[in-house]
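Subject: Structure for you to look at

Hello,

Here is the structure I promised to pass on. Please open it first, then read my notes next to it.

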Amino acid sequence: VNKIDVQYDKVSKQVDVHALKEVLWNHIHTSAKTADLERDDIEPSLCLTKVLHDLPCSNRDVSTTEISPHLYFICLLHLANEHSLTLRDRPTLDEIDIYILTSPLVK
């Protein structure tokens with residue numbers, strides 16, 4: 001059997017998940033407020049790829065080279081549980097929409 005060299009990170013990285021969740025939530029919450037101001041008649045929603053694309057520009061503390069997309073997704077799942085977010089896929093399965101409840105009971 002021939003040896004196949006698979007390119008992967010050989011050094012583990014330390015990521016502060018609590019800080020990443022806080023940065024991600026602040027960015028989602030701010031983006032949702034902006035989207036809510038633009039559209040009053042529709043439930044505010046965001047695309048995950050747009051959130052992740054805009055995140056490094058809005059926060060210099062987050063380095064995209066050190067944090068993989070799966071860590072963002074795990075943090076998003078935690079935030080969905082904590083803040084009653086709704087995550088919906090699209091028929092093409094290439095995007096996830098994030099819906100924020102606008103109820104006053106939701107923190």
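**What was found**

The count of aromatic pairs comes to 0. The rule is this: rings of Phe, Tyr and Trp (its six-membered ring) pair if their centres lie within 6.5 Å, and planes under 30 degrees apart count as stacked, over 60 as edge-to-face and the rest as tilted. In general, a pair of aromatic rings is described by the distance of the centres and the angle of the planes.

Before the rest, some ground rules. This is a predicted model, where local features need pLDDT of at least 70 and side-chain atom pairs count only at pLDDT 80 or more, while totals for chains, interfaces and linings use all residues. Residues are numbered from 1 along each chain as its sequence is written, and side-chain values use heavy atoms, with hydrogens and water left out.

**The chain as a whole**

The protein chain has 3 helices and 3 strands. Both are DSSP runs, numbered from the N terminus: helices are H or I with at least four residues, strands are E with at least two. Read from the N terminus, the order is α-β-α-α-β-β.

The protein chain has 107 residues, and 30% of them count as buried. Buried means under 20% relative accessible area, exposed means over 50%, and partly exposed is in between (1.4 Å probe, protein chains only). The accessible surface of the protein chain is about 8,000 Å². Carbon and sulfur atoms hold 55% of that surface. The areas come from the Shrake-Rupley method with a 1.4 Å probe; for residues, only the protein chains shown count as cover.

Now the contacts (heavy atoms within 4.5 Å). Take those in the protein chain with a separation of 6 or more: residues 24 or more positions apart account for 62% of them.

**The sheet**

Look for an open sheet of 3 strands, in the order E1-E3-E2, with antiparallel pairing. Strand E1 (45–47) and strand E2 (86–89) stand at the edges. Each has a single partner strand, so one side of each is left without a neighbour in the sheet. From one strand to the next, the twist averages 25 degrees. Such angles run from 0 to 180 degrees between N-to-C directions, and the axes are lines fitted to C-alpha atoms, for helices over the stretch in contact.

Two strands pair if DSSP finds at least two bridges between them. E1 and strand E3 (residues 96–99) pair in the antiparallel sense over 3 bridges. Here Ser-45 stands opposite Tyr-99 in E3. E2 and E3 also run antiparallel, joined by 4 bridges. Asp-89 stands opposite Ile-96 in E3.

Tyr-99 has a further contact point to look at. The charged end of Arg-88 sits over the ring of Tyr-99, 4.2 Å from its centre. That label needs NZ of Lys or CZ of Arg within 6 Å of the ring centre and within 35 degrees of the ring normal.

Most residues other than glycine have a negative phi. Which residue in the hairpin of E2 and E3 takes a positive phi? Leu-93 does, near 60 degrees, and the hairpin has 6 residues between the strands. Leu-93 counts as exposed, at 64% relative accessibility.

Ser-84 also has a positive phi, near 55 degrees. Ser-84 lies in the loop between helix H3 (69–83) and E2. With a relative accessible area of 34%, Ser-84 is partly exposed.

Gln-14 is in the segment before helix H1 (17–38). Gln-14 is exposed, at 75% relative accessibility. Gln-14 and Ile-67 are 53 residues apart in sequence, yet 9.5 Å apart in space, C-alpha to C-alpha.

Pro-69 is in helix H3. Pro-69 is exposed too, at 60% relative accessibility. Pro-69 and Thr-49 are 20 residues apart in sequence and 9.8 Å apart in space, C-alpha to C-alpha.

Best wishes
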